[in-house]
Amino acid sequence: MTLRVLADSVLADGGVSGAVLAYLPSPARGVWQLGPFPLRAYALCIILGIIVAIWWGERRWRARGGQPGAILDVAMFAVPFGLVGGRLYHVATDWQKYFGAGGHPVDALKIYQGGLGIWGAVLLGGIGAWIGCRVYKIPLPALGDAVAPPILLAQAIGRLGNYFNQELYGRETDLPWGLEIYRRVGDDGQLDMMNGASTGVVEKIVHPTFLYELLWNLLVVVLLVYVDRRFRIGHGRLFALYVAGYCFGRFFVELMRADEATKIAGIRINSFTSALVFLAAIAYFVFATKGRETPEQLQPGTSPRPWPWQLRALRAAAAAAPTEKSSGTGEFEKAGSAADAAETGTSAAELGGHPDGSENGSAKTNSGTAASDKG
């Protein structure tokens, strides 16, 4: 449908005044029947986003020196976990729609009707990625940095699914870029805003908050790519910037939403989540290990894989580089300069070696503190 003209030029006081204003149209439908099978635009957008994220993430991982195919391998764990996590978050925060009065609990399983909470998707998706990284013995923080911009681009693509579903819009507005929400009916003539076809009747004009978020996501993607190329940060800090950047924009988008949502003290729960996750991401960016992993550290099994809560061990592993196994011990020697170790605050003894390169530096280590211990 073409843009709906709401105001044309009018004659007044012998002259021409006024302006031509046009609102954004919604799609006439979001579902097409292919025989007995429904083809849903929402699902197609999610699938397309996942494909783009894997393809671009693979290119970025290989450019960093990672092993080809690792992103797809880890995605086999992360994607299912992420979809489940996103749906669980949505159902948990909007439980009234499914378990409240007039709700249908079985609808909680109908993910094709829309409803994925990004924070649940990132949380469980991250757990799935961590499991995949443990299986394939590659560093999760480095992989997170490689896929951060692609994931956010996938989120932007996924927002187009909300457009087809006529959901996630804001309050009513008379701004020129307002979004027309059409009345849709099914084949039986009954109102069906999700699966039906447009009647051409405009129910209301609203803020296209899905579009605001989409554009913000694209802007953050560009900034992430620039920061990555300019400053070459690593150890999960680019992923933290992605999370912080997304949450910052989402916080303000939520303030414009008018659809039903669970609230705390009159504020939408997603606003609280955005603020808390933003602070956590900034804290990680500030306190995480500085620098960037070497290509050797990205190879499977070439560095120790401490548990996430072993922060000191994680920092030590980040400063360690692989060495050839000798006498079946499989030990790792220190990588980089003393300045690198000073930045991570890791002693030579923790890294399994000594600043002078000797195999047995216990005497010097016990006699005093090495320069690299003063970070």
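## Charges over rings

In this predicted model, Arg230 lies over the face of Phe231, 5.0 Å from the ring centre. Arg237 does likewise with Phe285: its charged end sits over that ring, 4.2 Å from the centre. The cut-off here is NZ of Lys or CZ of Arg within 6 Å of the ring centre and within 35 degrees of the ring normal.

## Ring pairs

There are eleven aromatic pairs in the structure. Rings of Phe, Tyr and Trp (its six-membered ring) pair if their centres lie within 6.5 Å; planes under 30 degrees apart are stacked, over 60 edge-to-face, and the rest tilted. Tyr89 and Trp119 are tilted, because their planes are at 55°, with the centres 5.9 Å apart. Tyr89 belongs to helix 2 (residues 70-93) and Trp119 to helix 4 (residues 118-136), so the pair ties together parts 30 residues apart in sequence. Helices are DSSP runs of H or I, at least four residues, numbered from the N terminus. Both Tyr89 and Trp119 are buried.

Tyr163 and Phe210 are stacked, at 5.1 Å centre to centre and 20° between planes. Tyr163 is partly exposed at 21% relative accessibility, while Phe210 is buried at 6%. Buried means under 20% relative accessible area, exposed over 50%, and partly exposed in between (1.4 Å probe, protein chains only). Elsewhere, ring pairs join Trp216, Phe248, Phe251, Phe252 and Phe278 into a cluster.

## Ground rules

Residues are numbered from 1 along each chain as its sequence is written, and side-chain values use heavy atoms, leaving out hydrogens and water. Local features need pLDDT of at least 70 and side-chain atom pairs count only at pLDDT 80 or more, whereas totals for chains, interfaces and linings use all residues.

Conventions:
Helices (H or I, at least four residues) and strands (E, at least two) are DSSP runs, numbered from the N terminus.
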